[in-house]
Amino acid sequence: MKTEYRNFSGYILAGGKSSRMGSDKAFLEINGKTFLQNAVEILTPVCEDRIKVVLNKEQSHFIEKLPEALPYIFDIFENRGPVGGIHAALADCETEFAFILAVDQPLVTSKIIEKLADRMLESDPDVVIPKHESEVLQQLCTVFRVKSSSSLLEQLLSTPSNSVSVLRFIEALKSIEFLHLDSSDELFENINEPKDYRRINH
């Protein structure tokens, strides 16, 4: 592992209600591993043991299913969706950079994580985000500079308006770096419904 990678921590967003799936997506399986275990393995080459899972406070039943060695934190701003999970991660992070990875993106690879980390170290932006040729931004597989992004998101979420989205937050940052990818969008496919899950396990 590169010495510079010691400045990265990883956070797995698992606080969604999984209403369309009908069961916790974190414990669905792919290649003999749960989505949660898979996400930990994806982040480990860069983040090593600096990985936590972000939950909402209604997921008390979820905690007993977690691997014993995996720490967890809760959303601070409740019922704000993924942007609330990102805020909790940035508020908790003690390293310079924070990786955000949604638990329901099981096809992402460690190679992508390493490329994002390397681009952050090379270009020194506030955020690095994958971008496909189709111009689609992968908002929940990103790496943030904690110091500059945490205070901004705190400010956005503290306003009376409830319309803060992940994209709005990212676009408000001063320096955005894109990791241009040629690979298929399927690499970042979100598994939201049973039909999505069947497709990746065919």
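Which residue is the bridge partner of A98 in β8? In β8 that partner is F144, and the close-up views below set this pair in its surroundings. The model is a predicted one, in which local features need pLDDT of at least 70 and side-chain atom pairs count only at pLDDT 80 or more, while totals for chains, interfaces and linings use all residues. Residues are numbered from 1 along each chain as its sequence is written, and side-chain values use heavy atoms, with hydrogens and water left out.

**View 1. The protein chain as a whole, with 7 helices and 9 strands.** Helices (H or I, at least four residues) and strands (E, at least two) are DSSP runs, numbered from the N terminus. Of the 202 residues in the protein chain, 50% are buried, where buried means under 20% relative accessible area, exposed over 50%, and partly exposed in between (1.4 Å probe, protein chains only). The protein chain exposes about 10,000 Å², of which carbon and sulfur atoms supply 47%; accessible areas come from the Shrake-Rupley method with a 1.4 Å probe, and for residues only the protein chains shown count as cover. Among contacts in the protein chain with a separation of 6 or more, 70% are accounted for by residues 24 or more positions apart, a contact meaning heavy atoms within 4.5 Å.

**View 2. The open sheet of 7 strands, with mixed pairing.** The strand order is β5-β4-β1-β6-β8-β7-β9, and two strands are taken to pair if DSSP finds at least two bridges between them. At the edges lie β5 (72-74) and β9 (176-181), each of which pairs on one side only. From one strand to the next, the twist averages 30 degrees. Strand β7 (residues 127-132) runs parallel to β9 and is joined to it by 6 bridges, and within this pairing P130 has L179 of β9 as its bridge partner.

View 3. β1 and β6 run parallel and are joined by 6 bridges, with L13 standing opposite A102 in β6. β6 and β8, by contrast, run antiparallel and are joined by 5 bridges; the bridge partner of F97 in β8 is R145.

**View 4. Strand β8, covered on both faces.** Since 5 of the 5 residues of β8 are buried, β8 is largely enclosed by the rest of the structure. C141, V143 and R145 lie on one side and T142 and F144 on the other. β7 and β8 pair in the antiparallel sense over 2 bridges, and V128 has V143 as its bridge partner in β8.

**View 5. Helix α5 (residues 146-158) packed on the sheet.** This helix touches β6 and β8 (141-145), and its direction makes about 100 degrees with that of β8; axes are lines fitted to C-alpha atoms, for helices over the stretch in contact, and angles run from 0 to 180 degrees between N-to-C directions. S149 is found in helix α5 and is buried, with a relative accessible area of 0%. Not counting residues up to four places away in sequence, S149 touches L90, F144, F169 and L173. One of these, L90, is among the buried residues of α3, a helix (residues 82-92) that is largely enclosed by the rest of the structure because 8 of its 11 residues are buried.

View 6. The contact is made by E41, I42, L43, P45 and V46 of α1 together with S110, I113, E114 and A117 of α4. These residues divide into 6 nonpolar, 1 polar and 2 charged, where Ala, Val, Leu, Ile, Met, Phe, Trp, Tyr, Cys and Pro count as nonpolar, Asp, Glu, Lys and Arg as charged, and the others, Gly among them, as polar.

**View 7. K115 in helix α4.** With a relative accessibility of 37%, K115 counts as partly exposed. K115 and P130 are 15 residues apart in sequence and 9.6 Å apart in space, C-alpha to C-alpha.
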